[in-house]
Amino acid sequence: MNDRKHPDALCLLMVGNSFADDAMTDAYAIARVAGVREVQIGNLYIGGCSIEHHLSCAQSDEPAYDFCYFDEKGEKQKRPATRFSEGVAFADWTAYSLQQASHFSGMRETYAPLRALHDATEALAPLPGQPFYFHMTWAYQQNSTHGGFANYGGSQAAMYRAIVDCTRHEAMASGLFCGIIPCGTAVQNLRTSFLGDTICRDGYHLDLRYGRYVAGLTLVGTMTGIDPLCLGYRPPDVGEREALACRRAAAAAIRAPFTVTQTEA
(Lines give C-alpha, C1' and ligand atoms only; values in the text may rest on other atoms or scores of the structure.)
Protein backbone atom coordinates (compact mmCIF):
# COMPACT_ATOMS: atom_id res chain seq x y z
CA MET A 1 0.00 0.00 0.00
CA ASN A 2 2.67 2.54 1.06
CA ASP A 3 4.88 1.87 -1.96
CA ARG A 4 6.67 5.17 -2.50
CA LYS A 5 9.08 5.64 0.38
CA HIS A 6 11.63 8.40 0.79
CA PRO A 7 14.01 7.19 3.55
CA ASP A 8 16.52 9.96 2.83
CA ALA A 9 14.02 12.82 2.54
CA LEU A 10 10.65 13.80 3.98
CA CYS A 11 9.06 16.70 2.14
CA LEU A 12 5.34 16.57 2.87
CA LEU A 13 2.57 19.15 2.50
CA MET A 14 -0.44 18.42 4.69
CA VAL A 15 -3.71 20.00 3.59
CA GLY A 16 -5.01 19.89 7.10
CA ASN A 17 -6.07 21.55 10.31
CA SER A 18 -5.17 21.29 14.00
CA PHE A 19 -5.04 17.48 13.79
CA ALA A 20 -2.33 17.78 11.14
CA ASP A 21 -0.56 20.24 13.44
CA ASP A 22 -0.61 17.62 16.20
CA ALA A 23 0.87 15.03 13.83
CA MET A 24 3.64 17.23 12.42
CA THR A 25 4.92 18.88 15.60
CA ASP A 26 7.34 16.13 16.73
CA ALA A 27 7.88 14.70 13.26
CA TYR A 28 10.73 17.01 12.28
CA ALA A 29 12.88 16.04 15.28
CA ILE A 30 11.98 12.36 14.93
CA ALA A 31 13.05 12.33 11.29
CA ARG A 32 16.27 14.28 11.78
CA VAL A 33 17.46 12.14 14.67
CA ALA A 34 16.76 9.10 12.47
CA GLY A 35 19.18 10.50 9.90
CA VAL A 36 16.69 11.69 7.30
CA ARG A 37 18.77 14.13 5.30
CA GLU A 38 16.11 16.56 4.10
CA VAL A 39 13.04 17.28 6.21
CA GLN A 40 10.27 19.76 5.49
CA ILE A 41 6.67 19.36 6.60
CA GLY A 42 4.10 22.04 5.89
CA ASN A 43 0.48 22.35 6.94
CA LEU A 44 -2.15 24.47 5.23
CA TYR A 45 -4.00 25.08 8.48
CA ILE A 46 -7.52 26.24 9.22
CA GLY A 47 -8.96 25.07 12.53
CA GLY A 48 -11.59 22.35 12.02
CA CYS A 49 -11.26 22.59 8.24
CA SER A 50 -13.21 20.03 6.24
CA ILE A 51 -12.51 18.63 2.78
CA GLU A 52 -15.30 20.80 1.41
CA HIS A 53 -13.91 23.98 2.96
CA HIS A 54 -10.38 23.24 1.76
CA LEU A 55 -11.75 22.84 -1.75
CA SER A 56 -13.56 26.18 -1.50
CA CYS A 57 -10.34 27.88 -0.34
CA ALA A 58 -8.36 26.23 -3.14
CA GLN A 59 -10.84 27.46 -5.71
CA SER A 60 -11.10 31.03 -4.38
CA ASP A 61 -7.41 31.20 -3.39
CA GLU A 62 -8.21 33.70 -0.68
CA PRO A 63 -5.55 34.26 2.02
CA ALA A 64 -7.44 32.04 4.46
CA TYR A 65 -4.68 29.85 5.92
CA ASP A 66 -2.16 29.88 8.71
CA PHE A 67 0.68 28.11 6.94
CA CYS A 68 2.85 26.11 9.35
CA TYR A 69 6.33 24.90 8.42
CA PHE A 70 9.80 24.34 9.86
CA ASP A 71 12.60 26.87 9.43
CA GLU A 72 16.29 26.05 8.86
CA LYS A 73 16.79 25.54 12.61
CA GLY A 74 13.95 23.04 12.80
CA GLU A 75 11.67 25.45 14.66
CA LYS A 76 8.01 25.46 13.72
CA GLN A 77 6.82 28.72 12.20
CA LYS A 78 3.38 30.04 11.29
CA ARG A 79 2.71 32.43 8.41
CA PRO A 80 -0.81 33.91 8.55
CA ALA A 81 -2.99 35.03 5.65
CA THR A 82 -1.55 32.50 3.21
CA ARG A 83 -3.25 31.42 0.01
CA PHE A 84 -3.70 27.78 -0.95
CA SER A 85 -1.53 28.31 -4.02
CA GLU A 86 1.24 29.87 -1.91
CA GLY A 87 1.38 26.89 0.40
CA VAL A 88 1.62 24.47 -2.51
CA ALA A 89 4.35 26.59 -4.11
CA PHE A 90 6.35 26.96 -0.87
CA ALA A 91 8.62 23.95 -1.51
CA ASP A 92 9.23 21.18 -3.98
CA TRP A 93 6.95 18.83 -2.09
CA THR A 94 7.51 15.14 -2.80
CA ALA A 95 4.28 14.03 -1.10
CA TYR A 96 0.92 15.44 -0.05
CA SER A 97 -1.65 14.41 2.53
CA LEU A 98 -5.35 15.15 2.66
CA GLN A 99 -7.72 14.53 5.57
CA GLN A 100 -11.23 15.12 6.79
CA ALA A 101 -12.23 17.37 9.68
CA SER A 102 -12.38 15.31 12.84
CA HIS A 103 -16.11 15.72 13.42
CA PHE A 104 -16.86 14.56 9.85
CA SER A 105 -14.14 11.91 9.71
CA GLY A 106 -16.54 8.99 10.06
CA MET A 107 -19.36 10.37 7.89
CA ARG A 108 -19.14 8.92 4.40
CA GLU A 109 -21.30 11.55 2.71
CA THR A 110 -18.82 14.30 3.62
CA TYR A 111 -16.09 12.77 1.43
CA ALA A 112 -17.75 13.66 -1.88
CA PRO A 113 -15.39 16.63 -2.64
CA LEU A 114 -12.24 14.56 -2.02
CA ARG A 115 -11.36 13.95 -5.66
CA ALA A 116 -11.84 17.62 -6.56
CA LEU A 117 -9.54 18.67 -3.69
CA HIS A 118 -6.92 16.13 -4.78
CA ASP A 119 -7.08 17.39 -8.36
CA ALA A 120 -6.90 21.06 -7.32
CA THR A 121 -3.80 20.33 -5.24
CA GLU A 122 -2.14 18.24 -7.94
CA ALA A 123 -2.78 20.93 -10.56
CA LEU A 124 -0.66 23.40 -8.56
CA ALA A 125 2.10 20.98 -7.54
CA PRO A 126 5.63 22.20 -8.40
CA LEU A 127 6.70 18.62 -9.12
CA PRO A 128 4.19 16.59 -11.13
CA GLY A 129 3.17 13.06 -10.26
CA GLN A 130 4.02 13.10 -6.56
CA PRO A 131 2.16 10.67 -4.25
CA PHE A 132 -0.82 11.53 -2.08
CA TYR A 133 -1.47 9.97 1.33
CA PHE A 134 -4.65 10.00 3.37
CA HIS A 135 -4.14 11.21 6.93
CA MET A 136 -6.45 9.09 9.07
CA THR A 137 -7.41 11.06 12.18
CA TRP A 138 -8.42 9.70 15.60
CA ALA A 139 -11.56 9.19 17.61
CA TYR A 140 -12.26 11.49 20.52
CA GLN A 141 -11.58 10.71 24.14
CA GLN A 142 -14.44 8.85 25.81
CA ASN A 143 -15.43 11.85 27.94
CA SER A 144 -15.00 14.43 25.18
CA THR A 145 -17.43 17.34 25.15
CA HIS A 146 -16.79 18.21 21.48
CA GLY A 147 -20.12 18.91 19.79
CA GLY A 148 -19.25 16.66 16.85
CA PHE A 149 -19.07 13.64 19.16
CA ALA A 150 -22.87 13.46 18.89
CA ASN A 151 -22.41 12.30 15.28
CA TYR A 152 -21.19 9.00 16.79
CA GLY A 153 -23.52 8.76 19.74
CA GLY A 154 -20.77 9.93 22.08
CA SER A 155 -18.99 6.59 21.58
CA GLN A 156 -15.25 6.44 20.95
CA ALA A 157 -15.52 2.88 19.62
CA ALA A 158 -18.29 3.85 17.20
CA MET A 159 -16.32 6.89 16.02
CA TYR A 160 -13.18 4.83 15.44
CA ARG A 161 -15.11 2.19 13.47
CA ALA A 162 -16.70 4.93 11.36
CA ILE A 163 -13.29 6.51 10.66
CA VAL A 164 -11.92 3.14 9.57
CA ASP A 165 -14.94 2.61 7.32
CA CYS A 166 -14.50 6.01 5.64
CA THR A 167 -10.75 5.61 5.28
CA ARG A 168 -11.20 2.21 3.68
CA HIS A 169 -14.26 2.80 1.51
CA GLU A 170 -14.15 6.53 0.70
CA ALA A 171 -10.47 7.51 0.75
CA MET A 172 -8.54 4.39 -0.24
CA ALA A 173 -11.20 2.98 -2.57
CA SER A 174 -11.03 6.21 -4.57
CA GLY A 175 -7.64 5.26 -6.02
CA LEU A 176 -6.28 8.73 -5.22
CA PHE A 177 -3.88 7.68 -2.47
CA CYS A 178 -0.82 5.46 -2.42
CA GLY A 179 -1.03 4.98 1.35
CA ILE A 180 -2.44 5.93 4.74
CA ILE A 181 -0.88 7.86 7.59
CA PRO A 182 -2.79 5.84 10.21
CA CYS A 183 -2.64 8.18 13.19
CA GLY A 184 -6.18 7.22 14.17
CA THR A 185 -5.22 3.60 14.70
CA ALA A 186 -1.92 4.50 16.38
CA VAL A 187 -3.81 6.59 18.93
CA GLN A 188 -6.36 3.82 19.47
CA ASN A 189 -3.53 1.31 19.91
CA LEU A 190 -1.86 3.52 22.50
CA ARG A 191 -5.11 3.76 24.43
CA THR A 192 -4.89 0.01 25.05
CA SER A 193 -1.56 0.51 26.88
CA PHE A 194 -1.03 1.44 30.52
CA LEU A 195 -1.50 5.08 29.47
CA GLY A 196 -5.19 4.44 28.83
CA ASP A 197 -7.57 7.01 27.43
CA THR A 198 -5.50 9.97 28.64
CA ILE A 199 -3.63 11.14 25.55
CA CYS A 200 -5.84 14.07 24.55
CA ARG A 201 -5.38 17.49 26.08
CA ASP A 202 -8.99 18.64 25.71
CA GLY A 203 -10.90 15.52 24.71
CA TYR A 204 -9.96 15.62 21.01
CA HIS A 205 -6.60 17.33 20.33
CA LEU A 206 -3.60 15.20 21.26
CA ASP A 207 -1.71 15.90 24.45
CA LEU A 208 1.70 17.52 24.05
CA ARG A 209 3.71 14.49 25.18
CA TYR A 210 2.48 11.03 24.27
CA GLY A 211 -0.29 11.92 21.82
CA ARG A 212 1.76 14.15 19.58
CA TYR A 213 4.72 11.80 19.85
CA VAL A 214 2.79 8.71 18.69
CA ALA A 215 1.32 10.70 15.79
CA GLY A 216 4.75 11.98 14.79
CA LEU A 217 6.20 8.47 14.89
CA THR A 218 3.36 7.27 12.69
CA LEU A 219 3.85 10.05 10.18
CA VAL A 220 7.62 9.56 9.92
CA GLY A 221 7.38 5.78 9.83
CA THR A 222 4.80 5.90 7.07
CA MET A 223 6.60 8.43 4.91
CA THR A 224 10.14 7.06 5.24
CA GLY A 225 9.57 3.34 5.67
CA ILE A 226 11.64 3.37 8.88
CA ASP A 227 10.15 1.07 11.51
CA PRO A 228 8.96 3.26 14.41
CA LEU A 229 10.65 0.81 16.77
CA CYS A 230 13.94 2.04 15.27
CA LEU A 231 13.13 5.75 15.63
CA GLY A 232 15.30 6.78 18.55
CA TYR A 233 14.14 10.33 19.26
CA ARG A 234 11.87 10.90 22.23
CA PRO A 235 10.78 14.26 23.63
CA PRO A 236 12.56 15.29 26.85
CA ASP A 237 9.38 14.90 28.93
CA VAL A 238 8.59 11.40 27.66
CA GLY A 239 10.00 8.51 29.69
CA GLU A 240 11.52 5.34 28.24
CA ARG A 241 8.55 3.13 29.07
CA GLU A 242 6.07 5.61 27.58
CA ALA A 243 8.26 6.05 24.49
CA LEU A 244 8.34 2.29 23.92
CA ALA A 245 4.55 2.13 24.13
CA CYS A 246 4.27 4.94 21.58
CA ARG A 247 6.73 3.26 19.21
CA ARG A 248 4.92 -0.06 19.46
CA ALA A 249 1.52 1.58 18.90
CA ALA A 250 2.78 3.42 15.81
CA ALA A 251 4.53 0.37 14.37
CA ALA A 252 1.42 -1.78 14.80
CA ALA A 253 -0.77 0.88 13.14
CA ILE A 254 1.48 1.00 10.09
CA ARG A 255 1.40 -2.80 9.83
CA ALA A 256 -2.38 -3.02 10.38
CA PRO A 257 -4.01 0.39 9.80
CA PHE A 258 -7.58 -0.84 10.20
CA THR A 259 -7.15 -3.00 13.31
CA VAL A 260 -6.60 -2.08 16.95
CA THR A 261 -3.57 -3.86 18.41
CA GLN A 262 -3.00 -4.31 22.14
CA THR A 263 0.05 -2.29 23.15
CA GLU A 264 2.41 -3.58 25.83
CA ALA A 265 5.35 -1.72 27.33
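What follows is a set of questions and answers on this predicted model.

Me: Which residue in E5 is the bridge partner of Val-15?
Reply: Strand E1 (residues 9–16) and strand E5 (residues 95–98) run parallel and are joined by 4 bridges. In E5, the partner of Val-15 is Leu-98.

Me: Over how many bridges do E3 and E4 pair?
Reply: The hairpin of E3 and E4 has 5 residues between the strands, and Gly-74 takes a positive phi near 80° there. Tyr-65 stands opposite Thr-82 in E4. The two strands pair in the antiparallel sense, and the number of bridges is 5.

Me: Which residue of E3 is the bridge partner of Asn-43?
Reply: Strand E2 (residues 38–45) runs antiparallel to E3, and 3 bridges join them. The partner of Asn-43 in E3 is Cys-68.

Me: How many of the 6 residues of E3 are buried?
Reply: Buried means under 20% relative accessible area. Tyr-65 has 1% relative accessibility, so Tyr-65 counts as buried. E3 is largely enclosed by the rest of the structure, because the number of its 6 residues that are buried is 5.

Me: Is the ring pair of Tyr-65 and Phe-84 stacked, edge-to-face or tilted?
Reply: The structure holds 12 aromatic pairs. In the pair of Tyr-65 and Phe-84, the ring centres are 6.1 Å apart and the planes are at 55°. Planes under 30 degrees apart count as stacked and those over 60 as edge-to-face. The pair is therefore tilted.

Me: How many residues apart in sequence are the parts that the pair of Tyr-65 and Phe-84 ties together?
Reply: Phe-84 is buried, with a relative accessible area of 0%. Tyr-65 lies in strand E3 (residues 65–70), whereas Phe-84 lies in helix H4 (residues 84–89). The pair therefore ties together parts whose separation in sequence is 19 residues.

Me: Over the ring of which residue does the charged end of Arg-241 sit?
Reply: Charged side chains also meet rings here: Lys-78 lies over the face of Tyr-45, at 5.1 Å from the ring centre. The charged end of Arg-241 is 3.7 Å from the centre of its ring, which belongs to Phe-194.

Technical notes: Residues numbered from 1 in each chain as written. Predicted model: local features only at pLDDT ≥ 70, side-chain atom pairs only at ≥ 80, totals over all residues. Heavy atoms only, no water. Phe/Tyr/Trp six-rings, centres within 6.5 Å; stacked < 30°, edge-to-face > 60°. Buried < 20%, exposed > 50% of the residue type's maximum accessible area, 1.4 Å probe, protein only. Lys NZ or Arg CZ within 6 Å of the ring centre and 35° of its normal. Pairing = 2+ DSSP bridges.
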